[in-house]
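Here is a short briefing to read alongside the model on your screen. Have the sequence and the 3D view open, and follow the residues as they come up.

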Amino acid sequence: LSVTYAVRDTEIDGTEIHEGETLGLLNGKIKCCNYNRKTCIKELANFVENEEAVAVTVYYGEDADEDQASDIVEIFQAKYPDAEVMAICGGQPVYSYVISIE
């Protein structure tokens, strides 16, 4: 899973995207877009079908901080209550979050 933002208005695969929207991607395909980053990530989490996850790592980029990453960790802790979920500062420039689910 990866989370980035739109730099211009466009349409991709029938999805209308507006500049500034958060984009949630699964396997390189846009699954959700929303101006509210947390809402977009909640929607994106619903597309993941790995119900037996044992570990979730949330790598947060340079435009996210530790408090925001903690909010995202909570989303995945709720979805995978038996998994170890942690946030790590990845410092990536374009992607707000890269999320690994194992």
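What follows is a tour of strand pairing, helices, cores and a few individual residues.

Please keep in mind that this is a predicted model. Its largest nonpolar core has 24 residues, and helix 2 gives the largest share of that core, five residues. A second, separate core has five residues.

**Strand pairing**

- Strand 1, residues 2–5, runs antiparallel to strand 4, residues 22–26, and four bridges join the two.
- To find this pairing in your viewer, look for T4, which stands opposite L23 in strand 4.
- Strand 1 is also joined to strand 8, residues 97–101, by two bridges, and this pair is antiparallel too.
- For the pairing with strand 8, a handy landmark is S2, whose bridge partner there is V98.

**Helix 1**

- Helix 1 covers residues 37–47, and its buried residues are C40, I41, L44 and A45.
- These four lie on the same side of helix 1, because they cover an arc of only 140° around the axis.
- What do the buried residues of helix 1 pack against? Their partners are strand 1, strand 4, strand 5 (29–34), helix 2 (66–79) and strand 8.
- At the start of helix 1, N36 has a side-chain oxygen that comes to within 3.0 Å of the backbone nitrogen of K38.

**Helix 2**

- The length of helix 2 agrees with expectation: its 14 residues should span 20 Å at 1.5 Å a residue, and its end C-alpha atoms are 20 Å apart.
- Which residues of helix 2 are buried? They are A69, I72, V73, I75 and F76.
- Looking down the axis of helix 2, you will find these buried residues within an arc of 155°, so they line one face of the helix.
- D67 and A78, on the other side of helix 2, are exposed.
- Packed against the buried residues of helix 2 are helix 1, strand 6, strand 7 (84–89) and strand 8.
- D65 sits at the start of helix 2, with a side-chain oxygen within 3.1 Å of the backbone nitrogen of D67.

**The nonpolar cores**

- Within the largest core of 24 residues, I72, F76, Y97 and I99 have the most contacts.
- Helix 1, strand 6 (55–60), helix 2 and strand 8 are the elements that give two or more residues to this core.

- T22 belongs to strand 4, and T22 counts as buried because its relative accessibility is 7%, under the 20% cut-off.
- L26 is another strand 4 residue, and L26 is buried at a relative accessible area of 17%.
- Setting aside residues up to four places away in sequence, L26 touches L1, K31, L44 and F47.
- L26 and V48 are 22 residues apart in sequence, yet their C-alpha atoms are 8.1 Å apart in space.

- As background, most residues other than glycine have a negative phi.
- D13 has a positive phi, near 50°, and is not a glycine.
- Look for D13 in the loop between strand 2 (10–12) and strand 3 (15–17).
- Is D13 buried or exposed? D13 counts as exposed, at 71% relative accessibility.
- N27 also has a positive phi, of about 55°, although N27 is not a glycine.
- N27 is found in the loop between strand 4 and strand 5, and N27 counts as exposed because its relative accessibility is 74%, over the 50% cut-off.

Note on methods. Residues are numbered from 1 along each chain as its sequence is written. This is a predicted model: local features need pLDDT of at least 70, side-chain atom pairs count only at pLDDT 80 or more; totals for chains, interfaces and linings use all residues. Side-chain values use heavy atoms; hydrogens and water are left out. Two strands pair if DSSP finds at least two bridges between them. Buried means under 20% relative accessible area, exposed over 50%, partly exposed in between (1.4 Å probe, protein chains only). The arc is that of the directions from the helix axis to the C-beta atoms. Contact means heavy atoms within 4.5 Å. A polar contact is a pair of N or O atoms within 3.5 Å; within protein, one must be able to donate a hydrogen and the other to accept it, and residues adjacent in sequence count only if both atoms are side-chain atoms. A nonpolar core is a set of buried Ala, Val, Leu, Ile, Met, Phe, Trp, Tyr and Cys residues joined through side-chain atoms within 4.5 Å. The expected span of a helix is 1.5 Å times one less than its number of residues.
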